[in-house]
Amino acid sequence: MASLTEYLDAEALEQLAGVFSSAAGSPVRILSPAGEVLACPEQVEWAGSPSGPAAVETKVFISGEHVGTISLAGQADADQTVRLSDLMRDVIVRLCEQAGQIRSRVEELGAVYRMTAVFTEHRDLKEILQLAAETMVKITGADACSIRVFNEDRTELLRMAACGLSGEYTSKGPIRLSDSRIDQEVLAEGECVYIADERSDERVLYKAEAKRENLVSALCVPMSYRKRIEGIIRVYTRRPHEFDWFETSLIRGVASQAASAVVNSRLYYEAIQAETLRRHLRLAGDVQKRMIPANPPRIKGVGLAAIYVPCFELAGDFYDFIKLPGGKLGVCVADVVGKGVRASLLMASTRSALRAHATHLSDLSEILTAVNKDLWRESETGDFVTLLFGALDAKNKTLTYCSAGHEPVLLVRDGQVRELTGGSGVLGMDEEMQFQQETLSLKSGDVLVIFTDGLPEAINFQDEVFGRQRVRDAVLEACRQRRTAKGIGKFILWEMRRFTGLQTRCDDLTMVTIKIQ
């Protein structure tokens with residue numbers, strides 16, 4: 001059995017009994033429904049027998065339930081005493097109702113807080129939104145709730161959660177934004193839209209279904225996160241109802257939390273996808289690095305060294321050493337247009353074609369012609385490769401080379417540096433491109449430096465490029481110091497890095513150095 005003590009504590013009841021007694025000029029007791037004394041002013045003598053009946057007793061009802069009685073000493077037939085007793089009852093009823101409302105609000109806010117905590121613990125978006133829909137019905141006293149979020153192109157609202165609605169009603173599928181006037185209004189104004197009667201409002205898209213579901217009033221609330229609406233929450237009642245400011249504020253608060261959950265879930269899955277992609281790129285990068293020779297071959301009378309610095313996990317640069325007939329060594333340095341996955345695939349295709357044709361063709365121009373035709377057939381418009389391919393004959397000290405639009409090779413001889421002449425267009429752009437080979441006689445002390453454009457085009461914080469002249473100066477200084485082929489490459493790289501500082505690299509860098517002993 002309910003009692004006043006469920007709404008007001010003993011101290012509050014004692015204070016009321018004292019105030020009532022002072023106002024009435026006679027003792028007032030507050031009793032439980034069973035007649036037990038809950039409050040009675042101290043030092044006040046009750047007229048007549050303590051167990052005897054009071055002159056006036058007024059029962060107190062809350063929501064139709066008897067929760068207590070006001071017992072007022074006085075003349076039972078006195079109209080003033082009756083009116084005073086009724087006034088005291090009304091005061092207690094109002095205080096109890098206010099206490100009940102406060103308790104309900106506290107419980108509702110507590111439910112919202114608990115829901116927020118759950119949002120941070122869960123990752124599954126549908127599970128979070130289903131919890132939000134159920135919580136919405138519980139804390140607002142509504143009969144049903146549905147939550148829809150926008151698809152990627154924001155043309156449709158997809159149902160993500162529902163509570164208190166039949167499967168037939170929720171199986172309508174996506175709602176096209178262009179068909180729903182109410183959703184357009186919510187999206188345009190960013191405010192709540194109230195529907196007095198779902199069954200007759202012209203803005204409602206599914207009036208017949210709402211009537212069949214016995215839905216009457218509704219409140220459509222935007223799920224906003226940083227001024228961007230992620231979806232719409234609809235709260236329904238099966239009776240005419242106007243949502244007061246507290247209910248509206250509460251629903252908006254839950255909608256905001258739900259929008260945050262939508263964004264966090266999206267970011268979480270995007271992070272997972274990004275990490276998966278990074279892992280795949282690392283694996284692909286490891287595979288690509290295995291295509292690059294770990295160490296240059298050892299050749300009597302020749303020092304060989306290579307440097308390979310990719311800009312990302314996957315690179316478009318590569319170098320290679322290929323055994324050719326007659327004891328010659330094929331030396332290749334290439335630069336594929338672009339970066340990333342596409343460039344790495346074109347790099348692998350170029351390397352495979354070069355190795356395949358180098359096994360049965362001896363003339364360098366024929367090899368590059370065959371590679372060019374392969375790339376032209378297999379690549380898309382705009383894809384091309386610059387490449388330098390040379391055949392080093394250590395025994396006869398000659399280098400036969402063929403350049404396909406590549407950076408000129410630097411030759412250091414007798415303290416002077418010059419660029420090797422010759423060359424043609426890039427690979428993959430013109431099927432009929434012709435390539436010319438040149439032959440260079442070598443002598444002891446000669447140094448050859450073959451590199452990609454990532455070296456001269458390196459940029460510092462002042463947006464200045466390293467440039468070909470600084471490359472030439474670095475090569476000359478390294479040779480003046482009588483460094484080995486490996487030492488020459490390291491010195492050039494150091495000079496470039498000293499120039500650029502900590503500036504982020506924006507291009508791959510590949511370099512092969514050859515020193516004739």
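Of the 517 residues of the protein, 48% count as buried, meaning under 20% relative accessible area with a 1.4 Å probe and protein chains only. This is a predicted model, in which local features need pLDDT of at least 70, side-chain atom pairs count only at pLDDT 80 or more, and totals for chains, interfaces and linings use all residues. Residues are numbered from 1 along each chain as its sequence is written, and side-chain values use heavy atoms, without hydrogens and water.

**Overall form**
- The radius of gyration of the protein is 43 Å, whereas a compact globule of 517 residues would have one near 24 Å; the value is taken over C-alpha atoms, and the globule rule is 2.2 Å times the number of residues to the power 0.38.
- The C-alpha trace spans about 135 × 55 × 35 Å along its principal axes.

**Secondary structure and contacts**
- The protein contains 11 helices and 20 strands, which are DSSP runs (helices: H or I, at least four residues; strands: E, at least two) numbered from the N terminus.
- Among contacts (heavy atoms within 4.5 Å) with a separation of 6 or more, 63% come from residues 24 or more positions apart.

**Helix 8**
- Helix 8 (residues 340-358) has 19 residues and reaches 27 Å from its first C-alpha to its last, close to the 27 Å expected at 1.5 Å a residue; the expected span is 1.5 Å times one less than the number of residues.
- Its buried residues include Leu 346, Met 347, Arg 351 and His 357.
- The cover over the buried residues of helix 8 includes helix 7 (245-291), helix 9 (364-378) and strand 14 (385-393).

How values were computed:
Buried < 20%, exposed > 50% of the residue type's maximum accessible area, 1.4 Å probe, protein only.
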